[in-house]
Amino acid sequence: MKNVFNIEIEIKKLNNLYHASVCNTKLFNFLIFCGLSIQDRAGNKKIPYVILESPKEIICEFLGALYFGDGCLIDNCCINYGTKSKELAKQIQIILLSLGIVSSLKEVSLHPKYNCYYYNVSVHSIFRKKF
């Protein structure tokens, strides 16, 4: 952040977790311009259009960061990403396929009483090298 936007990041440790925060109007406006929305709830998340229209290298970096942050390896055979957003899950699956990576999309009911679903995008480990 310092090198690109000349902005300091404030990092605090709380209960063995690190929290990073940045307060900058120009950065905020830039992120909104790129298609990010702070008002979207978890179920409405989607990939920003600037990522969808980016070169393959940028899309791969985005997917790597997405899976590194919220993905997991299941039984050493599947790389999984879970989200409450059906649209985000479908976008991830389409992007993966455009990169030659076959994935599966599964709807998981977490609480039938409240009609709460999550979506898992799973990639078999044979595609691990493509990540």
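**View 1. Helix H2 is the top contributor to the nonpolar patch, giving 3 residues.** This is a predicted model, where local features need pLDDT of at least 70, side-chain atom pairs count only at pLDDT 80 or more, and totals for chains, interfaces and linings use all residues. Residue numbers start from 1 along each chain as its sequence is written, and side-chain values use heavy atoms, with hydrogens and water left out. The patch covers about 670 Å² and is built from Val 4, Phe 5, Phe 30, Leu 31, Phe 33, Leu 36 and Tyr 49. H1 (2-5) and H2 (25-33) each put in at least two residues. Helices here are DSSP runs of H or I with at least four residues, strands are E runs of at least two, and both are numbered from the N terminus. To join a patch, a residue needs over 30% relative accessible area and no salt bridge; nonpolar side chains (Val, Leu, Ile, Met, Phe, Trp, Tyr) are linked within 5 Å, like charges within 9 Å. A salt bridge is a Lys or Arg side-chain nitrogen within 4 Å of an Asp or Glu carboxyl oxygen.

**View 2. Tyr 49 sits in helix H3 (residues 49-52).** Tyr 49 is one of the patch residues, and it counts as partly exposed because its relative accessibility is 37%.

**View 3. The largest pocket holds about 340 Å³ of space.** Its lining has 20 residues, and Leu 36, Ser 37, Lys 45, Lys 46 and Pro 48 come closest to the centre. H2, helix H4 (56-70) and strand E4 (78-83) each supply at least two lining residues.

**View 4. Asn 15 shows a positive phi of about 55 degrees without being a glycine.** Asn 15 lies in the loop between strands E1 (10-14) and E2 (17-21). With a relative accessible area of 68%, Asn 15 is exposed. Asn 16 is found in the loop between E1 and E2 too, with a positive phi near 65 degrees, and counts as exposed at 65%.

**View 5. Mean pLDDT is lowest in H1 (75) and highest in helix H5 (residues 86-98), at 95.** pLDDT is the predictor's per-residue confidence, from 0 to 100. The protein averages 85, and 96% of residues score at least 70.

Key: Accessible areas come from the Shrake-Rupley method with a 1.4 Å probe; for residues, only the protein chains shown count as cover. Buried means under 20% relative accessible area, exposed over 50%, partly exposed in between (1.4 Å probe, protein chains only). On a 1 Å grid over the protein atoms alone, a cavity is a set of points where a 1.4 Å probe fits but cannot get out, and a pocket is an open set with protein on both sides within 12 Å along at least five of seven lines; lining residues have an atom within 4 Å of a point. Grid points are joined across faces, edges and corners, and a volume is the space filled by probe spheres set on the points.
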